[in-house]
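Good morning, and thank you for joining this presentation.

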Amino acid sequence: MQSKRTRANLGRVAAVALAATMVVAGGRVELAALTPVAAAAKAKPADAKSKPDAKARPDAKSNAAARTKVKNGLIAFASDRVTTDNPEGDNEIFTMKADGSGVKQLTKNEAEDFNPSWSPNGKKIAFVTNRDGNFEVYVMNADGSGQTDLSNNNANDIAPDWSPDGKKIAFQTDRDGNDEIYVMNADGSGQTNLTKNDANDDKPAWSPDGTKIAFQTPRPGPGNEVFVMDANGANQTNLTNNVASDFFAAWSPNGRQIAFTTLRDGNFEVYVMNADGSGQTNLTKNAGNDFRPAWSPDGKKIAFISSRGGDEEIFTMSAAGANQTNLTQTGATDSDPDWQAIKAKKG
Ligand SMILES: [Ca+2]
Ligand SMILES: [Ca+2]
Ligand SMILES: [Ca+2]
Ligand SMILES: [Ca+2]
């Protein structure tokens, strides 16, 4: 049966993609991530010198200008909730308002559809689907129309993330025998390996100024670390440097912080750190699993997944960890939040 096949396939790929989030602690294996992957370094002295002050940098200035023109839009997410248009209960892409109301289903497909990622202008959503028999990065319009295969490769292509100028999409693929971070043009052309490392390199996240890509990798192992590299793959650097697994990096809109997930406290917590890896701070502080942070475009809130109530729900909190609020409350698995940026109208 189709849905069974795709589910089995999803399970396999999720296991591959998330293998690096498994941690062996005292002989006990803890499975770190429960969803279908949905997950500025100790800057070199030379780097640090060339960027002494973010405020003084022209690109940082233009980012600040851009921020003032952006407001928070919809939250896209994946869910296996049963609906009239999803009787089989496979994963579909949905959107909702930031208060959890106005839920709309964008995909209607018996395959698994997940990992939504808004384009910087808020008009398109890249996502992952296995409707063609293996995982591909697709793109669609914000209303669900025009669903198109971008990666078009027999390997598993997942975890898309747009460059801030909307011209490129980074993603994760196992086409070379282990997971690598690739980049392609927004039309799917020019697919290029950035990481080229025997370890699994997963879950790219583009910095708001476009110069860096954060990702997760179990180097040196056994757990994942949050790494950062230049957008061309150079200078791959460990930011977290912690024996526990650290993964699911997400840049703050001003580029000064990176939210991530860590197992260092015995269950998943959403942490935040400065973009150079300093100041690693627990935001969620909850006995349940809290993971996969996604910033609001205005930088004031963070969406994340929490299973503190038993099943995975989409929560939001302030950027300081206050007001942790469940938006979904379905009993289904709700995952992969990503927040739309809307350009405020002029005048
Ligand atoms: Ca589906
Ligand atoms: Ca593929
Ligand atoms: Ca690799
Ligand atoms: Ca927790």
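Predicted model: local features only at pLDDT ≥ 70, side-chain atom pairs only at ≥ 80, totals over all residues.

**The core and its surroundings**

I begin with A259, which, leaving aside its neighbours within four places in sequence, is in contact with A250, V270, Y271, V272, P293, W295 and I302. Two residues are in contact here if their C-beta atoms, placed from the backbone, lie within 7 Å.

Residues are numbered from 1 along each chain as its sequence is written, while chains are lettered from A and ligands numbered from 1 in the order in which they are written.

The pLDDT is the predictor's confidence in each residue, from 0 to 100. Its average over the chain is 85, and 80% of the residues score at least 70. Over residues 1-61, however, the pLDDT is below 50, although this stretch has 108 contacts in the model beyond near neighbours in sequence.

Of the 347 residues in the chain, 48% are buried. A residue is called buried if 20 or more other C-beta atoms lie within 10 Å of its own, exposed if 12 or fewer, and partly exposed in between, with C-beta atoms placed from the backbone. The secondary structure comes to three helices and 26 strands; helices (H or I, at least four residues) and strands (E, at least two) are DSSP runs, numbered from the N terminus.

Which residues have the most contacts inside the largest nonpolar core? They are A214, A249, A250, I258 and A259, in a core of 72 residues. Strand β3, residues 70-79, gives the most to this core, with six residues. By nonpolar core I mean a set of buried Ala, Val, Leu, Ile, Met, Phe, Trp, Tyr and Cys residues joined through C-beta atoms within 7 Å. In soluble globular proteins, nonpolar side chains tend to be buried together.

Let us turn to β4, residues 92-96, where five of the five residues are buried. E92, F94 and M96 point one way from the strand, and I93 and T95 the other way. In a regular strand the side chains alternate between the two faces of the sheet.

Strands β3 and β4 pair in the antiparallel sense over five bridges; two strands pair if DSSP finds at least two bridges between them. S79 has E92 of β4 as its bridge partner. Strand β4 also pairs with β5, residues 104-105, in the antiparallel sense over two bridges, and there F94 stands opposite Q105.

Why is strand β12 described as largely enclosed by the rest of the structure? The reason is that five of its six residues, in the stretch 180-185, are buried. Six bridges join β12 to the antiparallel strand β11, residues 168-173, and one of the pairs is K168 with N185. Six residues lie between the strands of this hairpin, where G177 takes a positive phi near 100°.

On to β13: two bridges join this strand to β12, again antiparallel, and Y182 stands opposite N193. The hairpin of β12 and β13 has six residues between the strands, and G188 takes a positive phi near 95° there.

The loop between β13 (192-193) and β14 holds K196. This residue is not a glycine, yet its phi is positive, near 50°. K196 counts as exposed because it has 11 C-beta neighbours inside 10 Å.

A199 lies in the loop between β13 and β14 as well. With 17 other C-beta atoms within 10 Å, A199 is partly exposed. Not counting residues up to four places away in sequence, A199 touches N178, T217, P218 and R219. A199 and N178 are 21 residues apart in sequence, with their C-alpha atoms 6.8 Å apart in space.

Three bridges join β14 to β15, residues 212-217, and W206 stands opposite I213.

Where in this sheet does P220 lie? Its place is in the loop between β15 and β16 (225-230), and a cis peptide bond joins R219 to P220, with omega about -5°. P222 lies in the loop between β15 and β16 too, and the bond from G221 to P222 is also cis, with omega about 5°.
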